[in-house]
Amino acid sequence: MKLGQRESINNYSLLQSLFLAAPLLILLSVFFLYPLIALFPESLIADGKFSLEHYRHFFREPLYGFILVRTIRIAAYVTVICFLIGYPVACFLASLKNRKVSNLLMICVLLPFFTSILVRSYAWIVIFQTKGLINSIFLTLGIIEKPLSILYTEMAVIIGMVHIMLPFMILPVYSVLKNLDRNLLRAARNLGANAVKAFLRVTFPLSLPGVGAGVMFTFILSLGFFITPALLGGPKTLMISTLIEQQINRLMNWEFASAISVILLITTVIVVAVFDRIVGLDKIYKE
Amino acid sequence: MKGKFFRLFLVNALIGFFVLSLISLVNVPMAGAERDHLVVQTWGGKLAEAQEKAFFKPFSEMTGIKVIGVEAGTSVGGKLAAMQRSKNIEWDIITADYESYNTKYYNKGFLEEVDYNVVTNTGDLVPGSKKVWGVAQYLEGVCLVYNTKSFPEGKQPKSYKDFFDVKNVPGPRAMHNWGGPSDNLSIALMADGLSPDDCLPIDFKRAFEIMNRVKPHIKVWYTSGAQLVQALLDEEVVMAISTDGRAKSAISMGAPINIEWNQSFYYLAYNCVVKNSPMKDAAMKLLKFCNRPEQQAIFTQVIGYTGSNPKAVQYLPAELQKSQSTHPDNINKVFNFMTIKNAQWAIDNVETVDEKWNSWIAK
């Protein structure tokens, strides 16, 4: 593996590689990195002069810390659930021998990408509401006597988010499992490991890079979710992006909005660093 | 190898930071856009349709100046700030925003002062219409609505007091959770016996104590009007603090609800001219045109909102006249929330009230 990688890098000189990556680098720099970096000085201004007031305010008012912790908690739930649902699906997809069937199922996984998050969130409203699909089915079957309140709860938000994030978990895990050397598994079985042991000792550890990538995608994207919690959730699911939006659009306090964004960014970086310590993210691009 | 990814990431981030700091030193100013037509920010949907039919199109026909309505979503403040910063003024007029926001926009230098030498026809408008930064276009009322099936004749809630009395008037309720919760807290205080003029500045302790009574019974904290209409149609709630516009549209869609005008109040939505607009003079002329009662009557017939000019009522079909808050029978029951005593407090303390509200509701 290592040898193969070195060869492919040596095919291009540094200049050539830079040239090939230039469009992406320029795009990211202008439309992503520059605005991101411009946040920092903005967040350090209060009443027209340099001040740490916005950061102080963030930590003084219990509201913001509370919402930040909640945001992390919801993102963690979504990530864990995505892993629990997505991993078996990826395993199943990777194990399919019939190309036609696996292609068809792959399209099913990708299908949600073809509809906007907004439309999907509204679809969940139709399903969850008091006179919605779930409640009418359960009421007709006599499973429940009073309609359940699902809409505007944390559960609704988590279900909606899991639905959107699942492909981000399935795809990287699938791509790693698909390229797994099947002989390793055969060898393990040959040497006396049962299916469970072979999975735990061979398949799972080797799929970790995919899991790492999936977990990172899911968790980081979930931290910044905005539309889904706003539509499916209530006041008890207020997440940090909603607070940022309020500061920008309603209160026009761009400086404080920048400070919250910076804190969210730092939190994300810390999470990535911790994750890197534990799992070792270099596996993701090495594999 | 653990931790290597992060180190690599840091090195890259530092290089990126350095390069981009250099780029950011070169500031390219945008050329001010020249235009020969007016661009008006709208809220889309039926409201934009009503404005188009009542104001934009007839104005174009009269003056030859084309008027284009563009939908802004919810990000008016953010867009205004961005326009002034980049010196690229995309809109000439913003519409349908409330006093607290407009004052803020004005203080931040986003709005022109209205030229009352041009806009000379404001004499008939409801009190509080004439502001330095804008002219009122329509009223948006806040009122108590209730389900007529749950509350038959004789048992109907009569005031905000009943909304907060969960013991004697049971059932799930709805209240708004969008910006500016001063009105929610004032409603709680009115339910506790205060007169509107005594509500501000808000006594938070007292207001939240009353809100706590009703909190477990608020089933829908709506963040959009559509959400409220849906809850009323599905009969998910039996009572709501609603806007009169949404209540009327829920009724027209078949929701079994009644409006209680008692203690109801309204906000004024204004037309304002954006600072440094290249079409400032034409914009002022459109502001004047929008005050005409016959045009406002067309507006009301499309969207249901009551125009700022009470004279518009007489241009309406008879069946619509009675449900306008500016109708002679109603105008003395309702009041302008922004003309009550210390109303300026609500404007100056938006951030504090928001923060306290968010802290209360998040738990």
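**Chain A helices and a chain B strand**

In chain A, 73% of the contacts with a separation of 6 or more are between residues 24 or more positions apart (a contact means C-beta atoms, placed from the backbone, within 7 Å). This is a predicted model, where local features need pLDDT of at least 70, side-chain atom pairs count only at pLDDT 80 or more, and totals for chains, interfaces and linings use all residues. Residues are numbered from 1 along each chain as its sequence is written, while chains are lettered from A and ligands numbered from 1 in the order in which they are written.

**Chain A overall**
- You'll find 14 helices and two strands here in chain A (DSSP runs, numbered from the N terminus: H or I of at least four residues for helices, E of at least two for strands).
- Of chain A's 287 residues, 31% are buried (20 or more other C-beta atoms within 10 Å of a residue's own, with C-beta atoms placed from the backbone).

**Strand β5 of chain B**
- Strand β5 (residues 134-147) of chain B has 12 of its 14 residues buried.
- Strand β9 (residues 257-273) of chain B runs antiparallel to β5(B), joined by 11 bridges (strands pair if DSSP finds at least two bridges between them).
- B:Leu139 has B:Leu268 as its bridge partner in β9(B).
- Five bridges link β5(B) with the antiparallel strand β8 (residues 239-243) of chain B, and B:Val142 sits opposite B:Thr243 there.
- A hairpin through two residues takes β4(B) into β5(B), and B:Lys131 has B:Gly134 of β5(B) as its bridge partner.

Definitions and conventions
Two residues are in contact if their C-beta atoms, placed from the backbone, lie within 7 Å.
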